[in-house]
Amino acid sequence: MTVKDRIRMFAVGPDDPEEKNAWIEALSEAIDENSFCLGSKTEQFESTCQKRLGVAHAIGVSSGTDGLKIALAAAGVQPGDEVILPAYSFFSTASVIAQLGAVPVFVDLDVETLCICPQQVADKISETTRAILPVHLYGQTAAMDPLLQLSEKYSIPIVEDAAQAFDVKYRGRSAGSIGTAGVFSFYPTKNLAAAGDAGMVVCQDDKIAARVRLLRVHGDTGGYRHEMLGWNARMDGFQAAILSVRLEKLHQQQEVRRRNAMEYLETLTNLDLLEQVTPLGHTEGSDHCWHQFIVRVTQRDRLREQLSQQGIDSGAYYPSTLPEQGCFKSLGYRRGEFPIAESAAQTVVALPVHHRLAAGDPARVVEAIHKTVGVLAD
Ligand SMILES: Cc1ncc(COP(=O)(O)O)c(C=O)c1O
């Protein structure tokens with residue numbers, strides 16, 4: 001097996017020399033337009049996203065993490081407030097809450113989808129709950145209808161962590177635009193990927209949007225006047241220029257991801273592997289952009305090692321839960337409190353699903369798993 005034949009987890013960088021030239025041309029235009037921090041390239045990208053997603057406001061920021069912090073602050077989260085979130089996500093879903101001086105209140109997951117469990121959210125709502133932060137994990141949305149009912153009943157804003165779910169619909173509405181605000185990441189491994197860090201906050205409400213716009217530029221209302229504390233969290237014009245080029249091909253690339261995901265499901269079924277290698281369930285009403293194709297297996301780490309030896313990369317997103325991170329020790333959570341998240345951390349495997357896989361690669365991956373599962377069972 002040559003290095004070239006290895007099946008990689010991600011397709012980072014331009015697809016081919018033609019796309020590379022399109023990036024260079026877009027960067028050259030950004031230089032000519034002096035479009036560096038925000039500027040014309042960011043405005044163009046924001047306007048394209050606004051139309052494509054059907055949202056009133058699309059606001060470019062420096063990363064998904066900064067976008068989450070800003071969106072929570074814009075939704076009114078202040079020191080001492082509680083924010084309810086799933087116990088299982090990328091780290092910054094939780095860290096931004098703590099960095100605002102608020103308290104992350106973790107809840108367990110829906111056992112089928114590994115997204116936040118709405119019933120557990122209901123159980124944790126208190127007088128000091130200031131926001132609910134569902135994560136649209138792996139590229140499909142959380143079950144938003146029951147969360148929206150809670151949001152309405154208790155007047156608590158929802159901020160959607162849609163970092164992994166750009167251009168995904170839930171009952172016809174774009175992920176990110178369903179709650180009070182939503183946040184995307186364009187980190188280089190995301191489906192819509194920048195060549196560095198970038199993110200976006202979307203919302204329908206004009207007042208929230210105005211706050212987000214202020215918070216990304218130090219709270220500056222103009223002329224160096226600061227009515228609120230903000231951050232330096234502007235989108236970089238170079239990233240916006242590249243993102244605009246990439247956005248044109250996104251639809252086509254999503255189709256390839258979908259085809260790859262279907263090939264995985266079909267081959268798993270044909271090889272009668274669904275019980276040992278179990279795909280996640282579907283959130284009713286949600287599309288899927290297949291940011292990750294996830295299966296659950298016992299002996300996950302040994303399986304990954306075996307796959308790697310056969311030239312197949314894989315991922316474990318994520319190998320631990322959020323409450324068990326050392327920096328959240330003071331919150332006093334104990335092992336066993338989040339059984340579904342804890343089990344996910346031990347068993348999930350992400351298989352390569354990106355748009356640069358060759359036809360037949362998913363079947364090759366499943367066949368390698370088939371061989372390995374047999375050996376591991378012995
Ligand atoms: C679920 C989730 N939330 C938040 C983030 C943070 O985004 P970024 O890396 O752009 O700061 C990411 C991406 O890494 C993510 O996957």
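These legends go with close-up views of a predicted model.

Local features here need pLDDT of at least 70 and side-chain atom pairs count only at pLDDT 80 or more, while totals for chains, interfaces and linings use all residues. Residues are numbered from 1 along each chain as its sequence is written.

**View 1. The shell around the ligand.**
Of the 15 residues around the ligand, Ser63, Gly64, Thr65, Ala163 and Ser185 come nearest (a residue is near a molecule if its C-beta atom, placed from the backbone, lies within 6 Å of it). Look for helix H3 (64-74) and helix H4 (92-99), since each gives the shell at least two residues; helices are DSSP runs of H or I with at least four residues, strands are runs of E with at least two, and both are numbered from the N terminus.

**View 2. Helix H3 meets helix H7.**
The axes of H3 and H7 (residues 206-215) come within 9 Å and cross at roughly 130°. Axes are lines fitted to C-alpha atoms, for helices over the stretch in contact, with angles from 0 to 180 degrees between N-to-C directions. The two helices are therefore oblique to each other (under 35 degrees is roughly parallel, over 145 roughly antiparallel, 65 to 115 roughly perpendicular, and the rest oblique). On the H3 side you'll find Ile70, Ala71, Ala73 and Ala74, which meet Ile208, Arg211, Val212 and Leu215 of H7.

Domain 1 covers 17-244 and domain 2 covers 249-377, with bounds from an automatic or database domain assignment. Their C-alpha centres sit 25 Å apart. Here 32 residues of domain 1 are in contact with 29 residues of domain 2, contact being C-beta atoms, placed from the backbone, within 7 Å.

Terms used:
Two residues are in contact if their C-beta atoms, placed from the backbone, lie within 7 Å.
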